[in-house]
Amino acid sequence: MTKRALITGITGQDGSYLAELLLAKGYEVHGLIRRASTFNTGRIDHLFVDPHEANARLFLHYGDLSDGARLVTLMAQIDPDEVYNLAAQSHVRVSFDEPEHTADTTGTGTVRLLEAVRLSGVRTRYYQASSSELYGSTPPPQSETTPFHPRSPYAAAKLYSYWITKNYREAYGLFAVNGILFNHESPRRGETFVTRKITRAVARIKAGIQSELYLGNLDAVRDWGYAPEYVLGMWQMLQADEPDDYVLATGTGYTIRDFLDVSFGHVGLDWNEFVRFDERYLRPSEVDALIGDPSKARERLGWEPTVDGAALARIMVDADVSALEAGTAHWVDSPQSAPWAEALR
Ligand code: NAP
Ligand code: G4F
């Protein structure tokens, strides 16, 4: 029997890699997509097969995590074996600008989707995109048993989603899991997250079309992994015998300065000549250090990351340099597009 999956956030970084993975495994994949005045399918355009064709296995449906009735209707129509809730307002700094919207999508959106599962009566397994941001100011290393101390509206909303997912597991016997994922990046990473902002700037500076890069706090430590490896971990969590919560991380921390060293150094440049400080990128309350302990996922799921932060920086720089040289890219946020990326948070 062909398995069916529903992915919210399919147009995002993780959603695009997860759709690729599930299609390669033979799944029929359904994605929730927001209606926009311009197309927001750039990260999944390469997966397009005309839905009129008999071999089409990827289908998109308009919907939004703010619209509970639509989620119930879709859930009943699709009747998925697996639901992956990846949709969110996912930018931590922006969550301080839009705390209410972030609570509505990143927090309440989760219970709307869980209610859609319950009310439609579908028998499905459910994955919730939880985050290492939950740990906030609790020092590393962080594991499944480390206490949470969220430091942003985004993290507070994710904390609600974490607990409501656990509650539906305990209250209704739903096979529901939290993947507590540490930062994971790729050439498809949104352009305003710090890694992609840096690697995109490296390509542009190298090509002579940018001269400065404005950043905020360079001292924060993050445990950066490679997104395609993390979506495999999501799928593995839903194949386990019992529902449980897992940390996915590399176990190694780097500062923003370290990431700058590797990224600029990879093309023979010194970042000190180009990087400037802009306080608008600081957060009202910062998360100083996140370094995860992925032992449980390794032991119980056999999940093993192979790309560390330095290797990741090189992958991302190479991709941005190539995309700029080719003048095209198969995802929308290529280094030659999105002029506002440098001006927005
Ligand atoms: P992303 O690239 O920002 O993608 C977010 C996705 O959510 C996009 O498809 C976006 O649609 C969609 N979305 C936003 N608001 C929505 C709404 N109200 N209704 C329906 N869809 C909505 O994020 P990501 O990096 O792939 O991360 C995936 C998930 O994992 C997120 O929940 C994020 O918070 C969480 N997470 C990420 C990381 C990480 O390091 N990447 C770590 C831990 C947890 P548009 O394309 O239309 O904007
Ligand atoms: O790349 P960032 O914006 O990612 P952040 O805040 O760690 O959040 C990401 O990872 C979380 C998992 O831990 C996810 F849940 C979340 O959805 C998102 O994917 O910032 C990383 C660090 C921060 O300490 C920030 O202060 O980089 C610092 N930074 C310094 N200058 C900057 C900048 N961040 C951004 N975005 N832009 C800057 O100019």
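Close-up 1. Helices here are DSSP runs of H or I with at least four residues, strands are runs of E with at least two, and both are numbered from the N terminus. Everything shown is a predicted model, so local features need pLDDT of at least 70 and side-chain atom pairs count only at pLDDT 80 or more, while totals for chains, interfaces and linings use all residues. As for bookkeeping, residues are numbered from 1 along each chain as its sequence is written, chains are lettered from A and ligands numbered from 1 in the order in which they are written, and side-chain values use heavy atoms, with hydrogens and water left out.

Back to α2, which spans residues 68-78: Leu71, Leu74, Met75 and Ile78 are buried there. These residues sit on the same side of α2, because they cover an arc of only 100° around the axis; the arc is taken from the directions from the helix axis to the C-beta atoms. Buried means under 20% relative accessible area and exposed over 50%, with partly exposed in between (1.4 Å probe, protein chains only). Turn to the face pointing away from the buried side and you find Ala69 and Gln77, both exposed. The cover over the buried residues of α2 includes β1 (4-8), β2 (28-33), β3 (58-62), β4 (82-85) and α4 (99-120). Contact, here and below, means heavy atoms within 4.5 Å.

**Close-up 2. Ligand 1 and the residues around it.** Count 24 residues around ligand 1, with Thr11, Asp14, Arg34, Ser90 and Tyr154 the closest; a residue makes the list if one of its heavy atoms lies within 4 Å of the molecule. The backbone of Leu65 puts an N or O atom 3.0 Å from a nitrogen of ligand 1. The backbone of His184 has an N or O atom 2.9 Å from an oxygen of ligand 1. From the side chain of Arg189, an N or O atom is 3.2 Å from a nitrogen of ligand 1. On its own, ligand 1 has 900 Å² of accessible area, and the protein covers 89% of that; areas come from the Shrake-Rupley method with a 1.4 Å probe, and for residues only the protein chains shown count as cover. The elements giving two or more residues to this shell are α1 (13-24), β5 (125-131) and α5 (153-172), and β5 gives the most, with three. By type, the shell around ligand 1 splits into eight nonpolar, eleven polar and five charged residues.

**Close-up 3. Asp14, one of the residues closest to ligand 1.** Asp14 belongs to helix α1 and is buried, at 15% relative accessible area. Its side chain and that of His184 are joined by a polar contact of 2.6 Å. Such a contact is a pair of N or O atoms within 3.5 Å; within protein, one must be able to donate a hydrogen and the other to accept it, and residues adjacent in sequence count only if both atoms are side-chain atoms. Setting aside neighbours within four places in sequence, Asp14 also touches Leu86, Ala227, Val231 and Met234, among others. Asp14 and Arg189 are 175 residues apart in sequence, yet their C-alpha atoms are 8.7 Å apart.

**Close-up 4. Ligand 2 and its shell.** Ligand 2 has 24 residues around it, and Ser131, Ser132, Tyr154, Arg283 and Glu286 come nearest. An N or O atom in the side chain of Ser132 is 2.6 Å from an oxygen of ligand 2, and a polar side-chain atom of Tyr154 lies 2.8 Å from an oxygen of the ligand. Gly216 brings in a polar backbone atom, 2.9 Å from a nitrogen of ligand 2. The protein covers 96% of the 710 Å² of accessible area that ligand 2 has on its own. α6 (194-206) and β8 (213-215) are the elements giving two or more residues to this shell.

Close-up 5. Thr124 sits in the loop between α4 and β5 and is buried at 8% relative accessible area. Its side chain reaches the backbone oxygen of Asp81 at 3.1 Å and the backbone nitrogen of Glu82 at 3.3 Å. Leu174, in the loop between α5 and β6 (175-181), is buried too, at 11%.

Methods. Ala, Val, Leu, Ile, Met, Phe, Trp, Tyr, Cys and Pro count as nonpolar, Asp, Glu, Lys and Arg as charged, and the others, Gly among them, as polar.
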